[in-house]
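Okay, thanks everyone, let's get going.

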Amino acid sequence: MESKETMMEIEAKWQECLTFIKDNVGDNIFDTWFKPVEVLKLEDKTLYIQVPSQFYKQQIEEQYLPILGKAIQKVFQSDVKNLMYKVLQSSNNVATTHEGNLKATQNQTQKSFPTYSTTSYPKQNMIKNPFLYPGLKEVIDARLNPAYTFNTFIEGDCNKLARTAGFAVAESAGKGIYNPLFVYGKSGLGKTHLVQAIGAEIKERFSKKNVLYVDADTFENQYIQATIFDGDRNSFLNFYKNIDVLIIDDVQFFEDKKKTQDAFFQIFNYLHQNGKQIILTSDRPPVELQGLQERILNRFKWGLSAEISTPNFETRLAILKQKIGKEGLEINEEVIEYIANHITTNVRELEGVLISILAQATINKKHLTLDLAKEVVEKIVKSSQQDISIDFIKKTVCDYFNIVPEQLKSKTRKREIVQSRQIAMYFAKNYTKNSLASIGSQIGGKDHATVLHAYKTVNNLMETDKRFKRYILDLEKRFKLQ
């Protein structure tokens, strides 16, 4: 049945979607990827939107489909089940329309024409628990991104050990000495890419093995669903015991979650004892993880811990060239070297800047020149290139909360002092390269465990306290202006 809503009502709801997205992704990402998107119509529970190019469609589907889907579900609810794109692009005056099973090709005289393609978007918190369904012995969906392979993973000094160990694991799949394989490093350096590449290689070599990639949050949500809502903890455990290669991303999120840790411990023991491969990632080495049971930390040490660190110039250059080649583009060497020289923090940011430059060139119909690259780099990543000191962070936080830096050293339990100290530690961890011990000693004379606790506390409060989240966002703006 067609929607009875007027176009004005649909556009109003679309604006609500955009507002929700902007609040969650920030101004830069919103302006680049969502501002140019227009809503066309709502028909038969299908929402039609228009994007500037196929490149846009690809980036939205690969990077931002979850947040787009969440926004649509929140605003339109059950009125929308599918999403269809109208892609504006130049061709030989031919328009091809794909809508359901209907395919029509017709000649037209206009330069821009629509190409419709259908995709379903994921619903919020609707990751299915596969163990609730029959057929545990059937082949399980590995949940691997096909783009993450060893062929697309650039090796450098920053990841050589992790990559070498990962390929050895792929060759043996649980029969070697690297079990578990624990890969750690800061966000955006390629941990997820590497562990999924291992999974893909194992599937290629051992097609009958059940490989599963899951992030720690999903694992916990499935556990809660099975135990609290379905009352079937055993089915949860039995499902995971059927996995031959278990990949869990971001295990630091198991911290302080005792029941989830208990379930993970049982699964870990069973898989390890039965020669099944376990692969884990974290943003920190095991020694720096707090709130995890000692028996779990001990098991992390049974295999190999391999770090992925920040890539050097040569590796960054290789990553950019591979990305450019994949897109079938030609970019001046001077532009590529400029990006590699000025984006030094992580791989994700490196690729993000390249994509933003390509997007700016597409939207504004500009040539991809060095000047354009400089403009985008300065606008998007200026803040991340600043060498912000801990002293500057302390001063900024104290000025914001109208206290003096010396108060951060006091032993008082006043909420405003304790919270200010925790926030300063949070930003020091995010904006500096100091060790946790160094941060603690410079902010209140605390140890590394206190810094980790502060970091977790700030993250938790941001999720539950809107006013507190506003404090953090305000302070982030101040740092980005430096």
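Predicted model: local features only at pLDDT ≥ 70, side-chain atom pairs only at ≥ 80, totals over all residues.

The largest nonpolar core has 56 residues, and the members that touch the most others are W14, F34, L47, L68, F76 and I339. Where does the largest share of this core come from? That would be helix α3, residues 54-76, which puts in 11 residues. Take W14 from that list: leaving out neighbours within four places in sequence, W14 is in contact with V37, E38, V39, L47, I49, L68 and F76. There's also a second, separate core of 31 residues, and L237, I243, I248 and F265 are among them.

Next, V87, which you'll find in strand β3, residues 82-87. Buried or exposed? V87 has 1% relative accessibility, so it counts as buried. And look across to S53: that residue is 34 residues away from V87 along the chain, yet their C-alpha atoms are separated by 5.3 Å.

Helix α4, residues 160-172, and helix α5, residues 191-205, have axes that come within 8 Å and cross at roughly 25 degrees. Anything under 35 degrees counts as roughly parallel, so that's what α4 is to α5. The crossing is right-handed. Which residues meet there? From α4 we have A162, R163, G166, F167, V169, A170 and E171, and from α5 L194, I198, E201, I202 and R205. By type, the contact divides into 7 nonpolar, 1 polar and 4 charged residues.

Conventions:
Residues numbered from 1 in each chain as written. Heavy atoms only, no water. Core = buried A, V, L, I, M, F, W, Y, C linked by side-chain atoms within 4.5 Å. Buried < 20%, exposed > 50% of the residue type's maximum accessible area, 1.4 Å probe, protein only. Helix = DSSP H or I, 4+ residues; strand = E, 2+ residues; numbered from the N terminus. Contact = heavy atoms within 4.5 Å. Axes fitted to C-alpha atoms, helices over the stretch in contact; angles between N-to-C directions. Parallel < 35°, antiparallel > 145°, perpendicular 65-115°, else oblique. Left-handed = near helix turned anticlockwise from the far one by under 90°. Nonpolar A, V, L, I, M, F, W, Y, C, P; charged D, E, K, R; others polar.
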